[in-house]
Amino acid sequence: MTEMTATERGVGLADQSADAETVLAWFRRMRENAPVSHDSEAGVWHVFRHADVERILADPGTFSSDFSSLMASQEDVARFIKGNLLRKDPPQHRKLRTLVSKVFTPGMVAQLAPRIEVITDELLDAKAGAEQMELVSDLAYPLPVIVIAELLGIPVEDRPMFGRWADSLVAPESQTSFIPNAERTQAMAVVMREMNAYCLEHIRHRRARPQDDLASRLVAAEVDGQRLDDEEIIGFVGLLLLAGHITTTALLGNVVLCLDEHPDAAAALRADTGGLPGAIEEVLRFRTPLAPSMRRTTRDVQVGEHTVPAGQIVLAWLASANRDERQFSEPDRFDIRRTPNAHLSFGHGIHFCLGAPLARLEVRIAVQKMLTRWSGMSIGEGVEHHDARGIVGAKRLPLHLRWA
């Protein structure tokens with residue numbers, strides 16, 4: 001068994017924080033020297049190479065997403081995760097995904113484009129003529145929260161609650177606490193209880209009086225006589241709020257950071273915004289919004305040169321896989337025309353992110369409008385980043401604006 005040395009654990013999970021460059025250097029060392037490593041101090045196995053990470057994500061029978069057995073028995077948590085696709089294995093996952101996919105379709109997402117444009121314009125109009133803005137609080141954070149709340153039929157006055165819940169469930173101190181434990185479960189349960197109660201009431205209202213929104217469609221969804229119950233809908237709503245909000249916020253900020261660092265790419269996109277979809281895919285690879293994906297082994301399994309025993313936590317590092325020299329030519333070069341671009345930022349296999357089309361659409365519209373409105377933008381002082389072992393992105397991103 002390859003144990004992590006003190007040097008290798010230098011940016012391990014016990015550290016208070018780690019910036020992106022430090023974490024990327026760690027990934028580079030580990031891919032080369034210890035691509036599959038056991039960290040007995042943290043109680044996890046780390047996997048760093050693209051081929052190994054992809055294989056883990058593609059094999060839910062061996063690498064389970066269900067961590068309920070490791071979490072303290074807590075009714076509020078159980079209710080919250082009952083419909084969470086990310087934390088379900090087949091056959092429960094298949095039932096949930098089939099029903100949710102019936103109504104949350106790429107076609108439905110595409111129809112949101114005009115409304116997303118209006119919301120983006122309203123947020124940017126609030127800064128019309130200003131020489132500065134703080135991208136996260138002024139645009140990247142509120143945009144996905146408003147879109148998801150409107151999509152679900154949540155009243156305008158209740159939107160701040162959704163943002164508060166998202167902040168609480170992805171608190172800074174939890175970003176490197178990957179392993180479920182009783183203390184963390186208890187802390188999360190307090191927030192989940194409030195969120196569960198609100199969502200349950202909203203769903204029951206939609207059962208009684210359906211509207212033209214996603215919550216009503218989820219209530220009505222039926223496949224082969226099967227329907228979602230109220231608690232399963234709560235789980236999907238929670239997943240949509242958290243995953244949709246976090247990923248989109250981080251991705252939008254990461255696009256701006258990448259374009260600031262690579263002015264030639266910014267100039268090319270300003271001249272032809274038709275290149276934005278490819279550029280967004282490269283940002284997803286280059287600055288992977290969610291660095292790890294966590295699994296639990298159901299049996300002894302060979303990964304690389306090592307046998308990982310059953311019942312072990314495995315951290316499959318998406319952000320490392322996306323910089324793997326074995327998969328990508330010049331992986332540390334930012335190339336908006338990179339083809340192919342087999343990044344794993346939205347996962348792989350049965351858990352491929354259901355909200356990927358929405359995140360891509362929101363970010364494409366927002367960046368296109370920024371490039372059209374402003375003749376230039378540059379990063380100001382006071383940028384604050386998340387811990388790069390969890391969320392890769394900015395918590396605070398001041399911008400200096402030059403108007404077209």
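Tutor: Ala, Val, Leu, Ile, Met, Phe, Trp, Tyr, Cys and Pro count as nonpolar, Asp, Glu, Lys and Arg as charged, and the others as polar. Keep in mind that this model is predicted.

Student: By class, what residues make up the lining of the second largest cavity?

Tutor: Start with the names. The lining consists of Leu 152, Ile 154, Cys 199, His 202, Ile 203, Ala 215 and Val 237. The tally is six nonpolar, one polar and no charged residues.

Student: Which element gives the most to that lining of the second largest cavity?

Tutor: Helix α10 covers residues 182-208. The element with the most, at three residues, is α10.

Student: At what angle do the axes of α10 and α12 cross?

Tutor: Helix α12 runs over residues 230-261. Its axis and that of α10 come within 9 Å. The crossing is right-handed. The angle is roughly 115 degrees.

Student: How many nonpolar, polar and charged residues are in the contact of α10 with α12?

Tutor: From α10 come Met 195, Asn 196, Cys 199, Leu 200, Ile 203, Arg 204 and Arg 207. From α12 come Asp 230, Ile 233, Ile 234, Val 237, Gly 238 and Leu 241. Arg and Asp count as charged, and Gly as polar. The contact has eight nonpolar, two polar and three charged residues.

Student: Why is the pair of Phe 162 and Tyr 198 given the name it has?

Tutor: The structure holds 12 aromatic pairs. In this one, the ring centres are 5.9 Å apart. Planes over 60 degrees apart count as edge-to-face. Here the planes are at 80 degrees, so the pair is edge-to-face.

Student: How many residues apart are Phe 162 and Tyr 198?

Tutor: Phe 162 is in helix α9, residues 159-169. Tyr 198 is in helix α10. The pair links distant parts of the chain, 36 residues apart.

Student: Which helix gives the most to the lining of the largest pocket?

Tutor: This pocket holds about 310 Å³ of space. Its lining has 22 residues, and among the closest to the centre are Ala 20, Glu 21 and Leu 24. Helices α1 (20-33), α12 and α14 (276-286) each supply at least two lining residues. The most, five residues, come from α1.

Notes
Residues numbered from 1 in each chain as written. Predicted model: local features only at pLDDT ≥ 70, side-chain atom pairs only at ≥ 80, totals over all residues. Heavy atoms only, no water. Axes fitted to C-alpha atoms, helices over the stretch in contact; angles between N-to-C directions. Helix = DSSP H or I, 4+ residues; strand = E, 2+ residues; numbered from the N terminus. Left-handed = near helix turned anticlockwise from the far one by under 90°. Contact = heavy atoms within 4.5 Å. 1 Å grid on protein atoms, 1.4 Å probe; cavity = no way out; pocket = protein on both sides within 12 Å on 5 of 7 lines; lining within 4 Å. Phe/Tyr/Trp six-rings, centres within 6.5 Å; stacked < 30°, edge-to-face > 60°. Points joined across faces, edges and corners; volume = space filled by probe spheres on them.
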